[in-house]
Amino acid sequence: MRLARRGAQLGLLGQLFEAARRGEGHAALVTGSPGTGKSALLQVFAQEAGHSGALVLNASASPAETDLPSGVVGQLLSGAGPNAEYHHRARSPSPRHPFAGAASREEPGDDPAVLHDALRELAATAPVVVLVDDVHHADEASARCLLYVCGRLATSRILLVMSGRPQPRSRPPLPLAELLRHPRCTSVPLTTFDGDGVAEFLAAPPGGGMDLPTARRLAPDWHRFTGGNPRLLRGLLDDHRDCEPVRPSRPVAGTAFRRAVTGCLRGAGAPAVSAARALAVLADASTLTLLARLLETPEHAVGPCLDELDTIGLLDGGRLRHEGVRAAVLEELSAEESHRLHTAAGRMLYENGAEPATVARHLVAADTAGGRSGPVWAATVLAEAARHTMSSGRARQAADFLRTAHRAGGHEEAGLLTMLARAEWETDPAAVIRHLPDLEQNLGTRSPAAMDIAGVVGLLLWHGRPAGAARALSQLHDPGAAREPAAALAYVYPDTGTGPFPHDAAEQRDEAAERVLESIVYDHAPPVSVAAVLSALLHTGETGRAARWCALLAGGDRTRATPARRAVAAAAAAVVHGRTGAHDLAAEHAGRALSLLSPRAWGVAIGMPLSAAVLAATRRGAYEEAAARLRAPVPAAMFHTRAGLHYLLARGHYQLAVGRPKAALGDFHACRDLLAAWRLEPQGAADWSTPAAVALRALRSEDTANSDPVAALTEAERRVAVLAADGCTNRAIAARLYVTTSTVEQHLTRIYRKLCVKSRLDLAGLVTARPRP
C-alpha cells in the first residue's frame, strides 16, 4: 500500500524503529486533523515493521469505551499471547500506585507494570512495535499504563507509536495529558495536501491511479473542493469512479464524499461539530457574532472551533467550503435539531433586519423539519419574501414561502391562497387545481379587498370555471379593476357576453395580444388574462403584425421565464408561424409547448398548442403525427372557448386530409353552431365555411362513387371498360382508342381490381346497371 506525500513521516518512524531494534526504545505521536490519514500511516508502518521481523501489537481507542478500565491495555495484551494476558488478569494492583482505589481492586490488571513487563519479555526475542490509534480516546487506566511504558523505553527494544488529535479541546485526564506531551515522545505531524500533493494522491496507485497529466489538470479544482484532506479526496475519487463511463472534468460531491465529510466531523470535537452545523444552517448569512448567538456561546469560543474545521479542510474563508459540504452536514441533523436551529436562525435574522427572503428560507426549513406553527410574524415575512422572489422570476421558491405562510395562517389567509395559486401556476399549473374550490369559496365569504380578484379570475378561466369567474367579477365594484378580467372572461367564453374586441376593432385586439407576448418574452409579470388574450392569436386572420410577432417570440427561447410562461410563449409562436405558413417552425414550437406542460396543466388553454400542432402536421402531410396529437386528452370545458373552436377547425382539416369528409363536416358544422350561438361572424382564422364546402364536395363525390362503381375509374379506364362491356376485343379497343394492346391489357387488370370483378361478363353487368347521367 502506497501513501501519497507521507514518505517523510514513514521515514522518521523507520529511523525510530531501527533505533529500537538496537535497544534504544522510543515513542512517537502521529498527530493530525480527522481525515489526514493517521490510521492509514499506522497501518502501512505496521506492515513494514512486521516484514522486518518485529512483533506488532495493535489497539484502537474508541470514545464509546472511554469509561471501560484498561480497554486499550486489554487489546494489546490479548495480541501479545496467552501468557501476557494471563498475567494481566491475575496480577493484583500494587498499593504504591495512586490509582489503586476501590474501583481498581475490582478490576485486576490496573498495575502499569503489567504492560511494561509483558512488553519487555516479548522484546527479549524480537523488537516490539506497539500501535495505539486514536489515543486521545483512551481510558484513564490505559493512559497510565502507556505513560508508565513511555518513561521506561530508553534501554528497551520497544517502539510505541500512537495517533491522536494535535490539541484536544476538552481538558483530558492528567495521565493522558502527560502522555501526549511526554518529552520522550517524538511528534510526527500530518497535514492536508497542497496542490502538488493532491496531484500525487490522484496519480498514486491503488487509490487514484490516474495518469500524471490528468492528475495535474484536475488537482487545482480537487484541492479547492476538499482543502487537500485525504479522506475527502478518497470520497471524491469514489464518486468520480461512479460517474463512469462519462467522468466529469469537475468534482462531483456524491454519496461517498458526503460520508467522508461525516467521518471527518465524527473525529472532530463536539464544539467543532456544533459550529459546522450552525455554519450549514446560516449559510451565506453567517458571521462570527451570529454564529456565537446561534451556538449560545461567547464569540471567543467560536474561533478555535472554526480553526479546527479549517484545519480539517471543510472551510474556505470562514464558511463551509461549498454546497456539497453543507448538504452533508445538514443531512446528519435530526428533524428536531433542524427545526430548532432554523427557527432560532430565522428569529435571529428577523430581529437583525435581514432580507425577508433570507428569513423566509429558515422558516420554510423549520416548518419542513418540525411541522409546527411558526411565530406570529412568520406569515407576513413569508408573504413579503414571496412578492420579492416572484418579481425576480423565482416562482418555485415563492411557492415554498407561500405554502409555509398559508399553513401558518393569519389575517391575510385568503390573499395568501391566491398568491400561492398564482405562484404554483408559474411552475406547474396543474398544482392550482386543488386550490380552486377554496378560492371559489373565499369569493363568497371574503371581502374583495382581502383577495386578488383579478388573479382568481385568471386562474378560473385557465382551468375552465367561467361561472366562478363571473361570481368573482360580480364582487368588484371598481369598473377600472373589473375591466380587464371581465374582457378576458367575455373573450375566452363568448357565451358569457360580448367580447372586448369586436370585429371592427381588430387593432385593439392585436395590441392587447402584443402586450401579453411582451410580458412573457421579457419576463414581466403577465396580465391576469394571459391565456385569455393570447387566444386572440388563434382568432386573428391575416395581420400586419405577424412579422413583428415572429421577431418578438424569437426571444422566447432565451428568456429566464418560468415553465408556464415559456410554454405559452412557445404555443403563441406556433400559432403565429402557422398563420404565416411556416409549418415546420409551427410544429417545432408546438411540440416544445406541449412538452413543457402536461395536458392537465394546460387546462382549457391546451386548445392553443394542440390546434397549432395538428394543423401544422396536417399541412406537412404528417398524418400519423396529427393523429397522435389528437389523442391527447382535452377538458370538456375547452369546447366552450375560442381555443376549442380552433381545435375543432384543426381536427376538421385533418379529417378532410385523410379522406374522412363526413367526420370533417361534423367538426366544421360544430364550429358553425358555436359561432352562431356566440353571435360572431366566421371570418379570418375562424372561417369554417370554405373547408366545409370542400368537405361537402368530397362527400358528394364519395356518394356518387358508391352509386356508380365506374365513377371510381380514371377517364381512360372508363373508356376501356365501356368498350369491353360492349363486347369489343382488346385489339379492337386498342384500334378505337389509338393505344397498344398491352396498354389495354394493363387498363383491364386495374379495372378488374378496382371493381372487384373477374370477367368481361361481370364487367358488362356493372356497366349496364350504372345510372345514366
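Two notes before we start. This is a predicted model, so local features need pLDDT of at least 70, side-chain atom pairs count only at pLDDT 80 or more, and totals for chains, interfaces and linings use all residues. Residues are numbered from 1 along each chain as its sequence is written, and side-chain values use heavy atoms, with hydrogens and water left out.

First, the whole chain. There are 40 helices and seven strands. Both are DSSP runs, numbered from the N terminus: helices are H or I with at least four residues, strands are E with at least two. The chain has 773 residues, and 51% of them are buried. Buried means under 20% relative accessible area, with a 1.4 Å probe and protein chains only.

Now strand E1, residues 26-31. Five of its six residues are buried. Which strands does E1 pair with? One is E4, residues 158-164, parallel, over six bridges. Another is E5, residues 185-189, also parallel, with five bridges. Two strands pair if DSSP finds at least two bridges between them. Take Ala-27. Its bridge partner in E4 is Leu-160. In E5, the partner of Ala-27 is Cys-185.

Last, helix H9, residues 195-203. Which of its residues are buried? They are Gly-197, Val-198, Ala-199, Phe-201 and Leu-202. What covers them? The cover includes helix H10 (212-226) and helix H11 (230-242). Look at the start of H9 too. There, a side-chain oxygen of Asp-194 comes within 3.3 Å of the backbone nitrogen of Asp-196.

Conventions
Buried < 20%, exposed > 50% of the residue type's maximum accessible area, 1.4 Å probe, protein only. Contact = heavy atoms within 4.5 Å. Polar contact = N/O pair within 3.5 Å; in protein donor to acceptor, adjacent residues only side chain to side chain.
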